[in-house]
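This report is a guided reading for someone meeting the two chains for the first time. Please keep the sequence and the model side by side while reading.

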Amino acid sequence: MTELKLYQIGTFAAGNRLLDPADRTEQSNIGRTNSITSGHRACRGCGEALAARVVLDAAMRASDGRMVTVNATGCLEVFSTPYPESAWRVPWLHSLFGNAAAVASGVAASLRAQGRGDVRVVAQAGDGGTVDIGMGCLSGMFERDDDVFFICYDNQGYMNTGVQRSGATPAAASTATTRPVGSRIGNAFGTGKSLPVIAMAHQIPYVATATVADLHDLERKVTTAMGIHGSRYLHVLVPCPLGWGTDSADTVRVARLATESGFFPVFEARDGEVTGVHRIRRQVPVEDYLRLQTRFAHLFGDPGRPDVVERLQRQADRSIAHFGLLEGGQP
Amino acid sequence: MLRQIEGSRAVAETVARCRPDVVAAYPISPQTHIVEALSDLVALGRAGSCEFLMVESEFGALSACIGASAAGGRAYTATASQGLLFMAEALPNASGLRLPIVMTVANRALGAPINIWNDHSDAMSQRDAGWIQLFASSNQEAVDLHVQAFAVAEALHVPVMVNMDGFVLTHAMEPIDVPEQDQVDALVPPFRPLHVLDPEHPVTIGAMVGPEAFTEVKYLETRRHLAALDVVRDAAARFEQVVGRRSGGLVSTYRAEDADIVLVGLGSLLGTAADVVDELRDAGLAVGVVGVTCFRPWPFDAVRDALAGKERVVVLNRAVSVGLGSTLGSMVGTDVRLTLGGTPVTVHDVVAGLGGRPVTRDLIRRLFEDAAAGDLSDRELVFADLDEGLAQRELAREEFLS
């Protein structure tokens with residue numbers, strides 16, 4: 001879906017210097033906001049901190065600095081605002097865990113009522129604050145089509161409280177509450193909760209997924225979303241070295257394998273219809289993605305669980321078929 | 001101008017005249033008529049540029065008000081009973097963030113068993129949430145308290161809950177005066193937020209505070225609440241100046257100055273109690289009434305001044321603190337005992353009027369007479385309107401089944 005075929009320069013890396021200045025990322029702009037600035041307390045290799053910086057700087061560019069943010073409780077809130085410090089260089093409000101969407105709706109309504117409707121509202125939450133405890137308020141915000149851009153940084157678990165399972169935790173993953181002990185292979189195989197698809201069912205103007213592996217794509221989607229009014233939803237996969245058991249140098253690599261294996265489909269949708277997908281050039285086996293993460297280590301011990309790996313592979317294959325992710329395939 | 005109008009409708013019109021920027025609400029009996037009327041007023045353009053958000057839950061309603069207030073707008077919501085509990089997580093959040101939201105609670109019992117009728121369990125359950133709590137004794141006072149509530153809240157940057165008895169007040173039609181727009185404007189100046197989400201001046205609101213400063217935040221909150229007593233009293237005085245009507249304040253008294261026995265209560269039962277006082281005074285019994293208008297912060301001095309030197313005080317609660325009731329008394333009773341500590345006043349803790357059971361003149365008369373005759377316990381909680389037969393039958397059945 002990335003319009004710029006960056007891999008033509010032989011790398012997935014941003015490659016800004018090879019692009020026309022107008023096509024370069026906001027992160028390459030020395031005048032960027034640095035919306036979340038250095039000195040915060042995120043872990044080394046934190047995918048969420050990386051995504052938040054990219055998302056908010058792009059949103060600040062798109063809104064010409066006329067923007068306020070609302071943040072759910074979670075890692076992002078905790079590591080950025082230990083009183084009396086704050087890492088935020090944008091107006092920032094934190095209320096509770098489950099109410100970011102409703103708070104943001106209230107902010108947007110208030111700004112409109114005061115004649116300050118030009119100020120845009122961006123809300124941020126982790127997967128817990130989005131797909132679990134925050135889902136009621138978020139669904140209400142979608143249903144009313146409130147003028148809020150809501151971003152979920154999905155690290156697939158309650159990492160802030162010590163890596164417990166969330167509704168976004170993938171099947172078979174080991175967490176503090178789904179340990180592979182007894183007959184269990186980790187998190188249960190359920191139907192999985194896809195908030196992007198649930199968001200699409202609300203027929204809101206814009207829904208997209210992205211990862212920290214393709215920052216051009218991430219920025220472009222933020223810019224697109226900020227150019228639209230009404231409820232918009234962006235779901236960003238953000239690897240968590242602590243919770244996933246990945247090397248902190250592998251955050252981007254793991255995110256890319258999630259995409260290239262088809263395990264995490266990257267797409268965008270308008271008014272409930274998929275309008276574009278990130279095509280996989282060379283499909284990689286899900287095993288390549290899983291093996292980098294100790295939360296799946298129990299699948300690869302001796303004797304291991306090749307049957308479970310196979311089930312996960314089938315999940316990825318279904319996702320590839322459903323979204324038409326393979327290059328040359330139907331969208 | 002007096003108009004024959006429903007209490008809820010009058011409150012809605014009053015709130016609209018307070019020029020809110022955002023009204024966010026979720027329907028629950030007996031609050032519905034208030035938000036229905038506000039929805040009409042907003043749709044008809046009779047609430048200025050106010051935005052009306054019909055949210056998906058009470059938690060969403062108060063959360064939207066938190067956002068609206070932090071963005072510099074005047075925010076209002078209304079709820080009752082389970083709805084108040086469903087927004088409970090957001091209550092101390094709003095007060096901790098110092099957002100002067102005003103909320104009406106159409107007081108109703110808490111389930112189980114589910115019961116939609118009036119008592120004060122809902123408001124009492126949120127006693128310690130850091131909100132100022134005012135109780136209206138009549139629909140006229142409910143209207144007047146809403147104007148004062150916005151003034152008090154925004155002067156202190158503390159949220160205010162206005163309690164009015166569900167159905168008894170909310171659904172009663174009677175002659176009510178809704179203050180004129182110019183009067184309201186004089187009493188409720190434009191909102192000046194303490195801190196606001198503004199791209200020109202980015203601030204961080206809602207940071208995480210650890211053990212090194214949390215106690216101090218709470219200490220300051222406590223001080224602010226105690227200082228609020230003066231602000232609540234001043235708001236009532238200012239209201240009387242502008243509108244010409246005595247309303248609100250900390251406590252109300254009725255023939256209490258020279259009374260030997262005083263009934264203390266909150267809400268709409270105060271009118272009934274005043275009628276009974278007139279009857280009993282005619283019969284030669286020196287009785288009076290003290291109504292607590294401002295329940296939180298607790299008006300320690302005002303209550304003590306009103307009750308000091310009395311022979312007996314009968315505290316009539318429309319809520320029960322299960323597990324506390326017997327000796328120390330229930331919630332208001334506890335406050336009264338604390339207030340009168342070290343004085344020889346005898347305090348009777350009485351629970352009545354739960355789940356919509358009417359607090360009648362007969363009941364109040366009996367309480368006064370029993371107290372006068374020394375027949376009212378001051379050692380254990382009195383369930384004054386208990387159906388003994390029903391309770392005993394159920395106890396016998398439980399014993400039989402066990």
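## Helices on the sheet of chain B

Helices (H or I, at least four residues) and strands (E, at least two) are DSSP runs, numbered from the N terminus, and axes are lines fitted to C-alpha atoms, for helices over the stretch in contact, with angles running from 0 to 180 degrees between N-to-C directions.

Gly265(B) stands opposite Gly291(B), which belongs to E12(B).

## How H10 and H13 of chain B meet

Two packed helices are described by the angle between their axes and the distance between the axes. For H10(B) and H13(B), the axes come within 9 Å and cross at roughly 55°, and the two helices are therefore oblique to each other; angles under 35 degrees count as roughly parallel, over 145 as roughly antiparallel, 65 to 115 as roughly perpendicular and the rest as oblique. The crossing of H10(B) past H13(B) is right-handed, a crossing being left-handed if the near helix is turned anticlockwise from the far one by less than a right angle, and right-handed if clockwise.

On the H10(B) side the meeting residues are Thr272(B), Ala273(B), Asp275(B), Val276(B), Glu279(B) and Leu280(B), and on the H13(B) side they are Arg361(B), Ile364(B), Arg365(B) and Phe368(B). Sorted by class, the residues of this contact are five nonpolar, one polar and four charged. Here Ala, Val, Leu, Ile, Met, Phe, Trp, Tyr, Cys and Pro count as nonpolar, Asp, Glu, Lys and Arg as charged, and the others, Gly among them, as polar.

## Helix H1 of chain B and its partners

Helix H1 (residues 7-17) and helix H7 (residues 139-156) of chain B pack at an angle of about 20°, and their axes are 9 Å apart, which makes H1(B) roughly parallel to H7(B). Their crossing is right-handed. Among the residues that make this contact are Ala10(B) and Val11(B) of H1(B), and Val143(B) and His146(B) of H7(B); by class the contact has six nonpolar, four polar and no charged residues.

Helix H2 (residues 32-43) of chain B is another partner, with its axis coming within 8 Å of that of H1(B) at a crossing of roughly 45°, and the two are therefore oblique to each other. H1(B) passes H2(B) in a right-handed crossing as well. The contact of H1(B) with H2(B) includes Val15(B) of H1(B) and Leu38(B) of H2(B).

Strand E7 (residues 267-270) and strand E8 (residues 273-277) of chain A pair in the antiparallel sense over four bridges, and Phe267(A) has Val277(A) in E8(A) as its bridge partner. The two strands form a hairpin with two residues between them, and Asp271(A) in the turn has a positive phi of about 50°.

Phe264(A) is found in the loop between helix H9 (251-260) and E7 of chain A. This residue is buried, with 24 other C-beta atoms within 10 Å; a residue is buried if 20 or more other C-beta atoms lie within 10 Å of its own, exposed if 12 or fewer, and partly exposed in between, with C-beta atoms placed from the backbone. Leaving aside neighbours within four places in sequence, Phe264(A) is in contact with Thr211(A), Leu237(A), Ala258(A) and Thr259(A), two residues being in contact if their C-beta atoms, placed from the backbone, lie within 7 Å.

## Where the chains touch

Between the chains, 38 residues of chain A are in contact with 37 residues of chain B. On the side of chain A that touches chain B, H3(A) gives the largest share, eleven residues, and the classes are 21 nonpolar, 13 polar and four charged residues. E2(A) pairs with strand E9 (residues 204-205) of chain B in the parallel sense over two bridges, and Leu93(A) stands opposite Ile205(B) in E9(B).

## Numbering and confidence

Residues are numbered from 1 along each chain as its sequence is written, while chains are lettered from A and ligands numbered from 1 in the order in which they are written. As this is a predicted model, local features need pLDDT of at least 70 and side-chain atom pairs count only at pLDDT 80 or more, whereas totals for chains, interfaces and linings use all residues.

Key:
Two strands pair if DSSP finds at least two bridges between them.
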